[in-house]
Structures are given as C-alpha cells and as structure tokens.
Amino acid sequence: MSGPKTHSWINDLNVYITGKSKVGDFKNPHKLSANESALGPSPMAMEAYKKAASELHRYPDPTYNELRTTLAKKYDIEPEQILCGVGSDEILKLACRAYLKPGDEALYVAHSFSMYPIAIKSVGGIAIEVKDVDYTADIDNIIKAITDKTRIIFIANPNNPTGTYLSVNEIERLWQNVPEHILLVLDAAYAEFVSNDDYDAGIELAGRASNVLMTRTFSKLYGLAALRLGWGYACKEISKTLDKIRDPFNVPSSAQVAGVAALNDLDFQKKATSFNQKWRTWLERELSALGLMAIPSATNFILFGFENKNKSAKDANDFLTQRGYILRYYSGQGLENFLRLTVGTEKENKEIIKLLKEFLEI
Ligand SMILES: *Cc1c(COP(=O)(O)O)cnc(C)c1O
C-alpha cells in the first residue's frame, strides 16, 4: 500500500466507546448507559430550538454573544474568558492541541473519563495514567507523577464513571503543587448535580489562576446532549489561545439559543436536581440492600460492583440487556466487575432494582 500514511500516534489510537443505545429487537430500550437526562430536555430549550428553524440558512453568531453573556451573568464571571464548544469534548481536544506536542506528557486518573487518553494521543502526547485510591482521584499520586515533560493534568470532578468527587480544599492543594507552566483541566460535567458544601466546580480557581481551565456541559443536567454544547472558563491568555484554534462557527445557532433558554429555565433545573437527588439516594440504598457495592455518587449515575457476589457484572449486563435495559458495562479499565447505571425515570429505577433482584435470585 502506498497511500498517505498517518502519524504513528493516530494509527495507535483506540476510538471512544460510546454508551450503547440498541439491543436485540427492542424498539425503545431503556438507555441508562450514557448519563443522559432522566427528565428529557429543558422544555424552554425545546421551544427555543424549534423557533431557530426559520433561521437555518444563516451562519451562527461566531462569538455566541448571547450565550456567553447569559453564562457570565449566571456565574458572575467575565464573558471574554468563556469559550463555547461542540460539547465540552471539543474544549478538551482544543486544550490538547494548544498545549501538547508529540512526546509531551499529560496525566489523567485511572477509572476516569476515557476521552482523556484519546484526546492526549490524538496530538501525539503521551497519556500517563495515575493510580486512584478507593475509586477517587488521589492528589499525592498525581503530584508524584508530574515530570519535566508534563504539560496537562486532567481531573474529572465529579469523576465519571465512579461518581466520586474532590473537595475544594483538595483541588486547591493539588493546584498549589502544580507548576505554573502545566495546565490543570477541571472537567466539571456533573457539577450541576453536586449538592455537597465542600465542592466547587473550579470557577473560583479558574478565575484567579493562570493555568486552570474549567469545562462544563449542557449534555447532562440540561438534557441537551444531542445539540453538542459545552463551555470552558479560564484566564484571558488561555481562553484567547483556545479561541484562536477553534472553528469560527463551531457552535450552531440551534445550540446557542437552546443553551440560553436552558440556562434561563430555572424551574427545570430545580426539578432535575431534586429528582436526581431523590432517586440517586433511593438507588444507592436499594443496590446496597441487594449486597451490591454501590460507590457513593455526587452525580446522576452510580457505579456498582459485584465483588461480594458469586455472579458477574457481565452476566448481569447480559440479563438486563435481554430485558431491554442498557447499562454501561466495562470490558476494560479494571472495572470488569462493575456496571454504571444512569438515574432513570421512576419506573425505570424501580424496574432495574426488580430485575437485579431477579438476577441475583433474592
Ligand atoms: C459526559 C461527559 C463530558 C461531556 O460531554 P459533552 O457532551 O462533550 O459536553 C465530559 N466529561 C465527562 C467526565 C463526561 O462524563
């Protein structure tokens, strides 16, 4: 073969495995595998999206001005330091493009978001996995893993797929120990769900530090995963740098208007957070009562293990998919005996527990 040859690091790249959405013959399986909103999209966002149809012939506002100013007002931050992207995934990738060259190292925590090694390797960076402790990022392990080649550290806070989080003090301690030339990325995709007093998504730190980028998404609490909308916040220098390399029209008008509407839809936000709190607590309790190891979660999903059982997560997964319920099963990442369950509707949550009981023959 004599066609064009891509870089060795692109040849070696594993593609991201998405949460399954189809099984067997089920027309509408219960998809609890991708941490999507149990209550559907924000109704105000749906309205705004429909209205945007008549303007489909226009290029979107390249500066997504209204979206930025709405975000800036909500969080009391500078609109110039906000960057929006095609999902927060795009912002993570832009950060890699801007701050990693082939051979540079970037750190990410074991049992965390599998997009990080992909984003790192896509620009020739070396992805270094750092051991966690009790399914939680460990600050000391991260600090120890820093070398003179390290350029980025990725932390999902709260973490996916474990659901655990780091307190604002722990993040501060990490930052105090990270040299200024290393970018610290705080991926707060689930921040809207966290109710713990000692948590901060990273707004305060990103606002005063010269090396912190916080990323957020509209895919989870706001229920707009299909629109691919995320945003980031960092000091002027970093946001300007990332802004330079994004596509000029990266965020579609439909996503811009729906995003603004979702931010203004306080009713939906309140409903979604209290619904999640209620059912996550219920699911954690029920899973534990079945003798399953449910890791305490700050998010809209729960990772639970079959360690104390003489049955495997794989068999449970097969049992559930045959009945039209799709959870996230990990064939790798050292989580082979775990399943991740997204909080679903009331009916789905109750049904999942019923099915697990049946599977465990309790
Ligand atoms: C879902 C998720 C994201 C982001 O998603 P987008 O849809 O690209 O905004 C980012 N980080 C983590 C940890 C996630 O779970």
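Which side chain has an N or O atom 2.7 Å from an oxygen atom of the ligand? I found that it belongs to Asn160.

Basis. I am working from a predicted model, in which local features need pLDDT of at least 70 and side-chain atom pairs count only at pLDDT 80 or more, while totals for chains, interfaces and linings use all residues. Residues are numbered from 1 along each chain as its sequence is written, and side-chain values use heavy atoms, with hydrogens and water left out.

Ligand site. I looked up two further oxygen pairings: a side-chain N or O atom of Thr217 lies 2.5 Å from an oxygen atom of the ligand, and one of Ser219 lies 2.6 Å from a ligand oxygen. On its own the ligand has 390 Å² of accessible area, of which the protein covers 93% (Shrake-Rupley method, 1.4 Å probe; for residues, only the protein chains shown count as cover).

Helices (H or I, at least four residues) and strands (E, at least two) are DSSP runs, numbered from the N terminus.

Salt bridges. I counted 14 of them, each a side-chain nitrogen of Lys or Arg within 4 Å of a carboxyl oxygen of Asp or Glu.

Arg216 and Glu192 pair at 3.1 Å, N to O. Arg216 is in strand S7 (residues 212-217) and Glu192 is in the loop between strand S6 (183-187) and helix H8 (203-208), so this bridge ties together parts 24 residues apart in sequence. Arg216 is buried at 4% relative accessible area, and Glu192 is buried at 13% (buried is under 20%, exposed over 50%, partly exposed in between; 1.4 Å probe, protein chains only).

Lys311 and Glu361 have their closest N and O atoms 2.8 Å apart. The two are 50 residues apart, with Lys311 in the loop between strand S10 (301-305) and helix H12 (313-322) and Glu361 in the segment after helix H13 (346-360). Lys311 is partly exposed at 22%, whereas Glu361 is exposed at 65%.

Terms used
A polar contact is a pair of N or O atoms within 3.5 Å; within protein, one must be able to donate a hydrogen and the other to accept it, and residues adjacent in sequence count only if both atoms are side-chain atoms.
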